[in-house]
Amino acid sequence: MQAKAKSAPKEPDATLRLYRSLRRIRRVEEEIARLYPSDKIKSPVHLSIGQEGIAVGVCDALEARDAVSGTYRGHATYLAKGGSLNAMMAELYGKDTGCARGKGGSMHLIDMRAKVLGTSAVVGTTVPVAVGYALAQKRLKTGAVVACFLGDGATEEGCFAESLNFAALHKLPVVFVCENNGFAIHEPLSKRWATDRLCARVATYGIPAKRFADSDTVAIRKHIEKALPKMRKGGGPIFIECLTWRWREHVGPGEDYDAGFRSKAMLAKWQKKDPVAKAAKALSAKQRAAIDAEIEAEIAAAIVFAEASPFPAIEELGTDVYA
Amino acid sequence: MSMRKLAWPGRIEDGRRVLKYVDALSEAVALEMARDKNVFLFGLDVDDHKAIQGSTRGLLDRFGPERVFTTPLSEDAMTGVAIGAAMAGMRPIHVHIRMDFLMLCMNQLVNIAAKARYMYGGQIKVPLVVRTIIGKSWGQGAQHSQGLHSMFMHVPGLKVCAPSNAHDAKGALIAAIRDDNPVVFVEHRLLYATEAFVAEAPFVVAPGRARVCRFGRDVTIVGISNMVVEALRAADLLKEAGVSAEVIDPIWLAPLDSDTIVESVRRTRKLVIVDNGWSMCGAGAEIAARVAEACAGEGPLQIQRLGFAPTPCPPSPPLEAAFYPNPATIAAAAYKLARPDAQAWAPDAAKAELAYQLQFKGPF
Ligand SMILES: Cc1ncc(C[n+]2csc(CCOP(=O)(O)OP(=O)(O)O)c2C)c(N)n1
């Protein structure tokens, strides 16, 4: 586990790389939404459409040896860190070739080769686990860091505070990444937080905290990249709060603006900051077309792979309960 | 570090070393920490001068503060930290001075530790040991005297161990540390001062193997945790009344060796289970059900469960005495099964105090 994970060499041109990653995640999730009504995917999906810029900005700054820990809204985290798309699709279909061999589903994506530590359906639970993984990195002297993604809702759980304190106390290499989309299911921040000064709260633990008001991919990337060398040498954790917008409903493929708890106007406002469109602007039409074509082919192949893959044998019900 | 230096002194009897339960625990950890650099021990107060009732004494000096360290008062997150470190290839031992605090760890233990390997398709393992002590006595009261092992037995993916003597405490703790799964290791405070022959070299008391502590013909008594000690004393009382009791200690509650129990009950047809916990949905219910299933159609069986009174534990001495099974209640229940036609029998009260009352010197 201490060995560097093998992964494809990174595209040297950052603008191409960021666009490819953003566009790929967007299109994968759009395809999941398209396929969902067919009932072939029998797993509750929490789409991150609109929020992709955060996972991509953070993960692009990381190296192969670094790990990420995500939430049940984890497709973007998994893909941005290099998790296998074929294995993810197959997992959504409940197939034996899935990244958890059909025992995880959309909410429990894992890829230890790519150092995706796995996700949890119980809000906040992965935060201390990521911190423990970071503790081990420090003890084993790997120099690796862990990026721990969490939602704004997770910051209300007790173990969030407990984990921040411990990570700061032991100067652990963790990048806490709060994807603040303003809602926990349907409850807005105003009904959950007495103040919105999350970064100020976090800073009192002795953790440098920074808010990104529009979750700009390039700015997030730059911030993380700059912080990493010090963290690798025992500088302790950092925290970022990224304001963002979940374009779709909390769980499922559709929208929820007709439910009345949030407005279409806000969607329009955030769509003007669409991270995918923004990254696309940096490229020529020809460059985009080439990348888009590759992505479409890869997704189509992943769906074929998932559909053609076998379900697990019934004996698999009882395997891996114990190591 | 030589093994001698890692062994605790104890005293010699019949040419063999006798060791206290509490020292057997720290000796087991010391041996494993010396063997495997990835083993570390942490938990609230593990490094303070009282050293978790003495059960972590000596470890800080031997292994240093990187591998033996205290934590903030954050049981929930610290369990997650242990899980994360285990997922990264380390072998944490997380210590709690009271079992009651495991309620704050339930989320991580049940939702993460127990399921991680399964729900991630076998990609990771969680070699974690959670050491936890049942309190009791000296008026510890409702929140410091609970045996909550059955809650963990319920969950696939967790292993549960509750050794009743120093020998098994050492061997089972070594087995737990070497196990690639999360193990909830339940100790009983009243057993800490008890002594047994314990070899100095490392050895394992493997998961899923019960021990027949005493052979008998008329009735099978299964004890759990410190109730093994009380069951053995009940067996002495029963012997005076002409009843031969077989006493079995499951040692590991999950995986549970019901075969050994079933084999015994096939001979005696009579089973008393004495739990150090409530009977409702308890370990005794599971054992009774397994025996009944295994022996179905083989003729009549008699099964009796004993456990905590169905109340929180009161601190007032007479109420507390009535709360726990004791050698007299165990012996009386076993006698009734073994001699259904005889008159009810109760042993001499003076001989029937709980073992610790004969031995234990307070205060906590
Ligand atoms: C411990 C826990 N409590 C409640 C829930 C129900 N629940 C599922 S998602 C969610 C909202 C969490 O919001 P947030 O952390 O902001 O993440 P987001 O869904 O916005 O990405 C809640 C309350 C849960 N899964 N776990």
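In the predicted model described here, a salt bridge joins B:R117 to A:D320, with the closest N and O atoms 3.2 Å apart; a salt bridge is taken as a side-chain nitrogen of Lys or Arg within 4 Å of a carboxyl oxygen of Asp or Glu. Between chain A and chain B the count is two salt bridges. Residue pairs in polar contact between chain A and chain B number 14, both residues being at pLDDT 80 or more. A polar contact is a pair of N or O atoms within 3.5 Å; within protein, one must be able to donate a hydrogen and the other to accept it, and residues adjacent in sequence count only if both atoms are side-chain atoms.

On the side of chain A that touches chain B, α5 (126-140) and α6 (158-169) of chain A each supply at least two residues. The largest contribution to this side comes from α5(A), with 10 residues. Helices (H or I, at least four residues) and strands (E, at least two) are DSSP runs, numbered from the N terminus.

In total, 40 residues of chain A are in contact with 39 residues of chain B, contact meaning heavy atoms within 4.5 Å. The size of an interface is often given as the accessible area lost when the parts come together. The area buried between chain A and chain B is about 3,300 Å², and carbon and sulfur atoms give 65% of it; buried area is the accessible area (1.4 Å probe) that two parts lose on being put together, summed over both. In chain A, the residues that lose the most area to chain B are A:R139, A:Y322 and A:A323, together 19% of what that side buries.

The ligand is surrounded by 15 residues, the closest being A:Y72, A:R73, A:A121, A:G153 and A:N181; a residue is counted if one of its heavy atoms lies within 4 Å of the molecule. An N or O atom in the side chain of A:Y72 is 2.7 Å from an oxygen atom of the ligand. For A:D152, a polar side-chain atom lies 3.0 Å from a ligand oxygen atom, whereas in A:G153 a backbone N or O atom lies 2.8 Å from an oxygen atom of the ligand. Of the 580 Å² that the ligand exposes when taken alone, the protein buries 74%, accessible areas coming from the Shrake-Rupley method with a 1.4 Å probe, for which, in the case of residues, only the protein chains shown count as cover.

Over all chains, the whole structure holds 51 salt bridges. In one of them, the side chains of A:R24 and A:E298 meet at 2.8 Å, N to O. This pair links distant parts of the chain, 274 residues apart: A:R24 is in helix α1 (residues 14-35) of chain A and A:E298 in helix α11 (residues 285-308) of chain A.

Two backbone features were also examined. Most residues other than glycine have a negative phi, and most peptide bonds are trans. A:R101, in the loop between α4 (85-92) and α5 of chain A, has a positive phi of about 55 degrees although it is not a glycine. The peptide bond from B:A254 to B:P255 is cis, with omega near 0 degrees, and B:P255 is found in the loop between β13 (252-254) and α10 (258-268) of chain B.

Residues are numbered from 1 along each chain as its sequence is written, and chains are lettered from A and ligands numbered from 1 in the order in which they are written. In this predicted model, local features need pLDDT of at least 70, side-chain atom pairs count only at pLDDT 80 or more, and totals for chains, interfaces and linings use all residues, while side-chain values use heavy atoms, with hydrogens and water left out.
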